[in-house]
Amino acid sequence: MQDISSLNVVDLLLDAVCMVRADSELVFASAAFERIFGYRPSEALGKRMLDLVHPDDVDATREQARRVSEGNLQLQFENRYVRKDGKIVHVRWTARWLPEHQVRLAVAHDITERKRTEFIHMAVLAISEAAHAADSLAALLLRIHEIIGGLMPSSYFAVALHDAASGQLAFPYAAGDAACAAEPSRDTLCAEVIGSARAVLRRGACGGTCPPSPSGPADGLAHDDGNHCWLGVPLVTSRGAMGALVLHSPAGAAGYDERDLQTLQLLSTQVAAAVERTQMLGRLEHLARYDQLTHLPNRQLFMDRLGVALDRARESRHLLSLLFIDLDRFKSINDTHGHAMGDLLLQRVAQRLLECVRSTDTLARLGGDEFVVLLESGHAREQSTVVAHKILTAFGQPFDLEGVSVTVQPSIGVAFFPDHGTDEHRLLGRADSAMYLSKKAGGNRVQVATFPLSA
């Protein structure tokens, strides 16, 4: 039996023992240095430890090293290093200065797995908080990218959502290298992940960021280059896979591995729940604020926008105009062709009205066959005249309702702020009254509200 006294005890330790000069040059490393940092002790000697530190931790590490060199005992300092293979390792250090040898004696303990576990717990909580705090799907996905990117850097990060009704794949969030986004392998990967509802870890297919394999592509999609470039996990709900979360590893860094896949799978459940909740709230908000037949703003949303527009008009002392539109003899069309045709006509009317206004204008359906247009402009009078006549001209052509030709004409009433009203309800009421006068006169015409305000 070998004499215990002859064993090199330092090389038996799972923690790495190091000696580093004041300028951070490594002069001694135990065998465990390779397990933690990826470099054999023989090839690590002479390197500057600061050169191996993660860029974001260099300043803090330099300051801590200075304190140790001044004689302060270091017990619980933590930082990150970039291993030889490009992966990130988290290390907790104990260290002291040996003045007689002018070196720092340090022991490195690998805490990467502990940090990973802590990250997962914090990320789950952060994603849950983001789901309640985000005011839109875009804001939620941006926050999710920030959270996951804290442990798993990527050159490209995207969330794909699958519409079961249309079969279409959409990317509501994508950030990073545009070359990755342009690759057909991204869409292929997403389709595979969603279709199988299984995570995929794929080598290569990285748009040139990974070195090509001497043997060429292994399967038409991936280079067998030893780097896992693409990582995709499904976003699964009770109704199945609703989408996919995909990452592309950074150029020059180590590719993803099975641990990364497991981490992303654990987080994907929380991400899917957050996305589903945000989509549901978005649908509920849309139901509350938009007309379900025409998808135009409804009365509530229109009145909100009108209130904001009036505030702006008061501040800027600009005019503002409303066009109140009612369809002549719409009830007879309903009675003759049925309510289904009447609904289709309202949809066609909404489409035609949208073609007559600017993207900055608000077109809303107040209910029934009543529509209203809000125009904000320093030239509201002229603009309202232009829009009104566009509408009259557009309605000169019959509407095609699944092969049935229907002609319908509008009656239009116009009111101006501040001439005809200084609040939402008065202004809308004056435009409504002007529309009624237009209808009494035979319709298919524009009637401006009477003046003065008290009339």
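Buried here means under 20% relative accessible area, exposed means over 50%, and partly exposed lies in between (1.4 Å probe, protein chains only). The views below come from a predicted model, in which local features need pLDDT of at least 70, side-chain atom pairs count only at pLDDT 80 or more, and totals for chains, interfaces and linings use all residues. Residues are numbered from 1 along each chain as its sequence is written, and side-chain values use heavy atoms, with hydrogens and water left out.

**View A. Strand 11 (residues 320-327) is largely enclosed by the rest of the structure, since eight of its eight residues are buried.** Strands are DSSP runs of E, at least two residues long, and helices are runs of H or I, at least four, both numbered from the N terminus. In a regular strand, side chains alternate between the two faces of the sheet. Leu320, Leu322, Phe324 and Asp326 are buried on one side, with Ser321, Leu323, Ile325 and Leu327 buried on the other.

**View B. Strand 11 has antiparallel pairings with strand 13 (residues 370-376) and strand 16 (residues 410-417).** Pairing requires at least two DSSP bridges between two strands. Seven bridges link strand 11 to strand 13, where leucine 323 stands opposite valine 373. Eight bridges link strand 11 to strand 16, and there phenylalanine 324 has glycine 413 as its bridge partner.

**View C. Arginine 358 and aspartate 361 form a salt bridge (2.7 Å, N to O).** The term means a side-chain nitrogen of Lys or Arg within 4 Å of a carboxyl oxygen of Asp or Glu. Arginine 358 is partly exposed at 32%, whereas aspartate 361 is buried at 8%.
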